[in-house]
Amino acid sequence: MYRIVVKRILFGLAIVVLGACASVSPRDSVRPLDGDPLSTWNDTATKQAILDFVAEVTQPDGPSYLPAESRLATFDFDGTIGCEKPDYMEVIVAATRLCELTVDDPSKLDEPIYRAACDRDYETLNANVEDVLLTAFLGESQTFYVDYVEHFLDTARHARFNRPYGELHYLPMVQLIDYLHANDFAVHIVSGSQQGFTRTYGGIVDVDPARTIGHVVELDFSTADDDASLIRQDAFLPPSIDGGGKAEAIRNRIGQRPILAFGNSMGDFEMLQYATSGDAPGLALILVHDDPDEYEYRDETLIEHAQELDWQIVSMKDDFAVVFPD
C-alpha cells in the first residue's frame, strides 16, 4: 500500500496542483489593440486573407455578401484551439481519474489501463484510448464528469508550461473566434474529444455549449434516490467525430454547411472540404505547429492537400504574435 500511495502522490504532483485556483478567464487578454481585431496575429498574408474573407462575406453591397444566418464557422479543438501535447487533454483527465481509483482499490493496478495511468504510459493509454475514456467515469453521472473536468482545468498544471490546463489554448485562435462572433458568425467547435469535455472548455474560449459537437458517450436516465440524472455507460454513440464523421455531424447537428473551417490534422480534412465545396465563398485554414515555444509537429499529408487546394496554411511561428494567454 505504501508504494501505491507514493505513486499516487507523485502522479498528483506531476499533474495536479491541489487547492483552489481562480477560474480561467481569457476574455480581457484578447481585446483588440489599436483597432486591430487580430492584434495577437502577426501582419502576414495569412492574417490579411482572413480579414479579406470576413470583409467579403459581410459587406452588404459586395458580390459575395452572405446574411448572418449563412455565416457558419467550425473549428477543431485538439491542436487547433487547445494544446494536444504531450497528449489530448481528455486522455490526461481520464488517466488522472483512473489512477485516483487505485487508491481505494489497489487491485486495479493489475489491470493494464490503471497501471498505465499511474505510470503515465501514454503509449499504452492511447493503444486502449476508448477503454480508458469510458472506464474512467463508468457509472458516474454526466454532471460528476463535467464537474471533474472543470476542477481539473482549474487546478491541474501542464508539466512543461507550468500553467493550468484551462489556459492551454492559443490566444490568436480565441481572438479569431471573438472576431468572427463580432461579425455575426455562428462559431461551432467540432471535436473528436468527448462532448462533455469540449463543452466545458468551450466555455473558457467563449463558444456556447450548444454550439459544441463532440464524441458522445451513451447516457442512461436514472432516478435513483429520487435524483434524476444521466449515467455514463460503456459505449460511445455513432458517428465518430473524425474524418467524414465530422462533416456528417455538422450536417446532422447544425443543418448547414460552414463557410469557414479550421483544423490541424487529416481528421479535419472532410470538414475543410465541406466548407470549401459549396456555392458560397469558403475559407479553409490549417494550423502547423512549427513554434518551438509550443511543440513542433505537422501533418504532412494535410499540408500537401492544403497546397494543392489553395487552403490557408497558418504557421504558429510566423503568423502568431503570441501563443498562450499571459
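Because the model is predicted, local features are taken only where pLDDT is at least 70 and side-chain atom pairs only at pLDDT 80 or more, while totals for chains, interfaces and linings use all residues. Residues are numbered from 1 along each chain as its sequence is written, and side-chain values use heavy atoms, with hydrogens and water left out.

**Stop 1: the largest pocket**

Select Asp 78, Tyr 88, Gly 192, Ser 193 and Asp 242, which are the closest to the centre of the largest pocket among the 29 residues that line it. The volume of this pocket is about 500 Å³, where a volume is the space filled by probe spheres set on grid points that are joined across faces, edges and corners. A pocket here is an open set of points on a 1 Å grid over the protein atoms alone where a 1.4 Å probe fits, with protein on both sides within 12 Å along at least five of seven lines, and its lining residues have an atom within 4 Å of a point.

Next, colour helix 3 (89–104), helix 6 (129–135) and strand 2 (186–194), the elements that each give two or more residues to the lining; helices (H or I, at least four residues) and strands (E, at least two) are DSSP runs, numbered from the N terminus. Strand 2 supplies the largest share, four residues. By class, the lining holds eight nonpolar, eleven polar and ten charged residues, with Ala, Val, Leu, Ile, Met, Phe, Trp, Tyr, Cys and Pro counted as nonpolar, Asp, Glu, Lys and Arg as charged, and the others, Gly among them, as polar.

**Stop 2: the disulfide**

The link is right-handed, with 115° about the S-S bond, and a search of the whole structure finds one disulfide. Cys 99 is buried at 0% relative accessibility, and Cys 118 is buried at 4%; buried means under 20% relative accessible area, exposed over 50%, and partly exposed in between (1.4 Å probe, protein chains only).

**Stop 3: the salt bridges**

The whole structure holds eleven salt bridges, each a side-chain nitrogen of Lys or Arg within 4 Å of a carboxyl oxygen of Asp or Glu.

Select Arg 97 and Glu 140, whose side chains meet at 3.2 Å, N to O. Arg 97 is buried at 13% relative accessibility, whereas Glu 140 is partly exposed at 25%.

Move to Asp 36 and Lys 47, a salt bridge in which the closest N and O atoms are 2.6 Å apart. Asp 36 sits in the loop between helix 1 (2–15) and helix 2 (45–58) and Lys 47 in helix 2, so the pair joins parts that are eleven residues apart in sequence. Asp 36 is partly exposed at 21% relative accessibility, while Lys 47 is buried at 3%.

Finish at Glu 300 and Arg 298, which form a salt bridge at 2.8 Å, N to O; Glu 300 is partly exposed at 41%, and Arg 298 is partly exposed at 46%.

Key. A disulfide is a pair of cysteine sulfur atoms within 2.5 Å.
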